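Here's a friendly walk through one chain, starting with a pair of side chains and then stepping back to the whole. Have a look at the picture first.

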Amino acid sequence: VELDIFDPEIIAPLEKERIRKLFDFSERDFIFAFCGRIGKEKNIGTVLDFASKTFKPDDNIKILIIGDGPNLEEHKKQAENHNLSQKVKFSGKVDHKTLPVYYKACDAYLTASLSEMFSISMLEAMAMGLPVLQLNDEMNSGQITHGVNGYIYKNAKEMYGFMADLRDTPKVEYENLKKRVRSSVEKMGAESLAKSILEIYESVLSKDSLNKKKKRKKFII
């Protein structure tokens, strides 16, 4: 993660206001961002289903889904069918260089993806100080430390509960949380990320090799 690019302090407040106005977000709205390829593997449909069960008309909680992909129109239609068109906005494709401004306009990051380890988009959002709400998944359990740089939810009720908690966090406490989030991602630069991924591959290969040896031994017997 290039912290010199994803630095919340270098983005002018007017840029934040511009993005919010672009999607009809008000100053009092608390916005959760998601960024990535809009495909089935990102599990965005689950987020929309959860939101349809829990969101209230006057709770000023909003979602901005950033990105393009094969399921974009499907999810737009899903949001419309769930009467979430005023709550959930879709940006479409966004140039990577402008992503920091979009993150600056948001207050937290939301993901239900179960398909990736150490999402680059999530790390970039964290570099901007956005705390993360992540759907519980054992394979991704090391990405977020619950209560330190984000929260892990298991169902619609928990997702909404953590959203409301973040929205209602006093300003000073919320700013301290953002500092902890940014601090936590400083240890997850390219070198650290590559090392983590390498360790995962080595673990899988080691288990695969062990299983093959067991099979050969069983065959010989």
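## A pair of neighbours

Let's start with Asp168 and Arg167, whose side chains meet in a salt bridge at 2.8 Å, N to O. The term salt bridge here means a side-chain nitrogen of Lys or Arg within 4 Å of a carboxyl oxygen of Asp or Glu. Arg167 counts as partly exposed, at 24% relative accessibility. On this scale, buried is under 20% relative accessible area, exposed is over 50%, and partly exposed is in between (1.4 Å probe, protein chains only).

A word on where this comes from: the model is predicted, local features need pLDDT of at least 70, side-chain atom pairs count only at pLDDT 80 or more, and totals for chains, interfaces and linings use all residues. Residues are numbered from 1 along each chain as its sequence is written, and side-chain values use heavy atoms, with hydrogens and water left out.

By the same rule, the count comes to seven salt bridges. One of them joins Glu15 and Arg18, at 3.0 Å, N to O. These two are three residues apart in helix 1 (residues 13-22), so about one helical turn separates them. Glu15 is partly exposed at 29%, and Arg18 is partly exposed at 43%.

Helix 3 (residues 72-81) holds Lys76 and Glu73, again three residues apart, about one turn of the helix. Their side chains form a salt bridge of 3.7 Å, N to O. Lys76 is partly exposed at 33%, while Glu73 counts as exposed at 54%.

How do helix 5 and helix 7 pack? Helix 5 (residues 120-127) and helix 7 (residues 171-185) sit at an angle of about 130°, with their axes 7 Å apart. That makes helix 5 oblique to helix 7 (under 35 degrees is roughly parallel, over 145 roughly antiparallel, 65 to 115 roughly perpendicular, and the rest oblique).

Leu123, Met126 and Ala127 in helix 5 meet Val181, Arg182, Ser184 and Val185 in helix 7, where contact means heavy atoms within 4.5 Å. The residues of this contact divide into five nonpolar, one polar and one charged.

## The whole chain

Stepping back, the chain has eight helices and six strands (DSSP runs: H or I of at least four residues for helices, E of at least two for strands). Of its 221 residues, 47% count as buried. Among contacts between residues at least 6 apart in sequence, 74% join residues at least 24 apart.

Key. Axes fitted to C-alpha atoms, helices over the stretch in contact; angles between N-to-C directions. Nonpolar A, V, L, I, M, F, W, Y, C, P; charged D, E, K, R; others polar.
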